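My notes follow in the order in which I looked things up.

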Amino acid sequence: MNSTQLINFNGTTCVKLSAGGYEALVAYEIGSNVIRLRDNKNSIEFFRFKDSNTAENIRQSAEVWGLPTLYLPNRFADGVLKTSDAVYHLPVNEKAPYSNHIHGFLHKRVHEVVEHKADDNCAWVKTRYVYDEKDEFFEYLPVRFTAEYTFTLSRYGLEQTVKFTNCSDKMMPISLATHTTINSPFVDGAKEGDIRLTVPVGKKCELNSRCLPTERLRSLNMYDLEYKTGNKCPVLQDISNDMYFGEYTELDHEKFHGVIAEDIASGKKICYEVSEEYGFWIIWNDRGFNGYFCPEPMTAMINAPNLSLSDDVTGYREIKPAESFTAHQHFFTKL
């Protein structure tokens, strides 16, 4: 029976979705983060999750639990954000020697539930955050917008749709990412060394010592090709901000715009599909020995609006007043 219910998870109210053998916890009070997604039938824990984790612990490091959606994501050099009609100075919240603004604010805000319901086909929840003068970040980015999230759970897995609407009279910068934390191991009782990750990587974006693009695009070497061939073990080694243009791989003999993590001992797979708006991937694993890894889809390169590369290369977008931007993600398992 598909269902939704409000529950308290260790200090925060969540919407629990149950459908199609999957269950999910959407912590709307922590940036509409999906702090848990589980395939109960196949004993697969998608995201980094602990039953004992407190809500306050998640809030303190919201980037590294569950499925946090970031706006504005990754790094802006010296906090500067140049749009077509303004220059904004964001707080520098990444210490020297980086001295960047990193990850924005939206994933830490208290969102509201618009509705949560279930029927014979699926269970869903809709959440929303209205960004305006009441937000403390507004002094740095005075561009009003509304962020709307829809999470749908069914036998096909979890689908997420995000929609940003510009409610201001200025151009709204669009750079969006998900700091997706895949549990390691993600199959109950499995070995981390049996995980292999497939990422359809294109050109590599070279980064400097501040983790900012040099604007040099590199051809793939043997290390990079392990992602493409599905031979990369994404844990038990330090992977720090491997950034690539995203291409297509293949799943069941069809084109697939996403990444695939497989437990090679059991053959169980996590499939993570993203819409075309996500044109880049960054792979990061917090030094590799902390029980998770992050294949992060991004709509734009790090520091994109400040680069000399054209927008059709960097993926940077702006939306006009009253216009919207929408993107999708989809998680499911395969045996």
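I began with burial: of the 335 residues of the protein chain, 57% count as buried, where buried means under 20% relative accessible area, exposed over 50% and partly exposed in between, with a 1.4 Å probe and protein chains only. The model is a predicted one, so I kept local features to pLDDT of at least 70 and side-chain atom pairs to pLDDT 80 or more, while totals for chains, interfaces and linings use all residues. Residues are numbered from 1 along each chain as its sequence is written, and side-chain values use heavy atoms, with hydrogens and water left out.

**Overall form**

The protein chain exposes about 13,800 Å², and carbon and sulfur atoms supply 46% of it; accessible areas come from the Shrake-Rupley method with a 1.4 Å probe, and for residues only the protein chains shown count as cover.

For secondary structure I noted 3 helices and 29 strands. These are DSSP runs numbered from the N terminus, helices being H or I of at least four residues and strands E of at least two. Among contacts with a separation of 6 or more, 63% join residues 24 or more positions apart; contact means heavy atoms within 4.5 Å.

**Cavity**

Grid points are joined across faces, edges and corners, and a volume is the space filled by probe spheres set on the points.

The structure holds 1 cavity of 30 Å³ or more, and the largest cavity has a volume of about 40 Å³. Its lining consists of Ile 182, Leu 197, Val 259, Ile 260, Ala 261, Ile 270, Tyr 272 and Pro 295. Two or more lining residues come from each of β24 (258–263) and β25 (268–274), and the largest share, 3 residues, is from β24. By class I have 8 nonpolar, no polar and no charged residues; Ala, Val, Leu, Ile, Met, Phe, Trp, Tyr, Cys and Pro count as nonpolar, Asp, Glu, Lys and Arg as charged, and the others, Gly among them, as polar.

The largest pocket has a volume of about 630 Å³. Of its 28 lining residues, Glu 63, Asn 93, Glu 94, Ile 102 and His 103 are the closest to its centre. The lining divides into 10 nonpolar, 8 polar and 10 charged residues.

The second largest pocket has a volume of about 190 Å³. Its lining includes Gly 20, Gly 21, Tyr 22, Arg 155 and Leu 335. Strand β29 (residues 324–334) gives the largest share, 3 residues. I recorded 4 nonpolar, 4 polar and 4 charged residues in this lining.

**Backbone**

Which peptide bonds did I note as cis? One joins Ala 96 and Pro 97, with omega about 10°, and Pro 97 is in the loop between β9 (87–89) and β10 (100–102). Another runs from Ser 184 to Pro 185, with omega near 0°, and Pro 185 lies in the loop between β17 (182–183) and β18 (195–198).

Cys 211 has phi near 60° and lies in the loop between β19 (201–207) and β20; at 12% relative accessibility, Cys 211 counts as buried. Asp 252 has phi of about 55° and is found in the loop between β22 (249–251) and β23 (254–256); at 49%, Asp 252 counts as partly exposed.

**Two single residues**

Ser 175 sits in the loop between β15 (172–174) and β16 (177–178). Ser 175 is buried, at 3% relative accessible area. Leaving out residues up to four places away in sequence, Ser 175 touches Leu 70, Tyr 71, Leu 72, Pro 73, Thr 299 and Ala 300.

Thr 214 is in strand β20 (residues 213–218) and is partly exposed, at 25%.

Technical notes. On a 1 Å grid over the protein atoms alone, a cavity is a set of points where a 1.4 Å probe fits but cannot get out, and a pocket is an open set with protein on both sides within 12 Å along at least five of seven lines; lining residues have an atom within 4 Å of a point.
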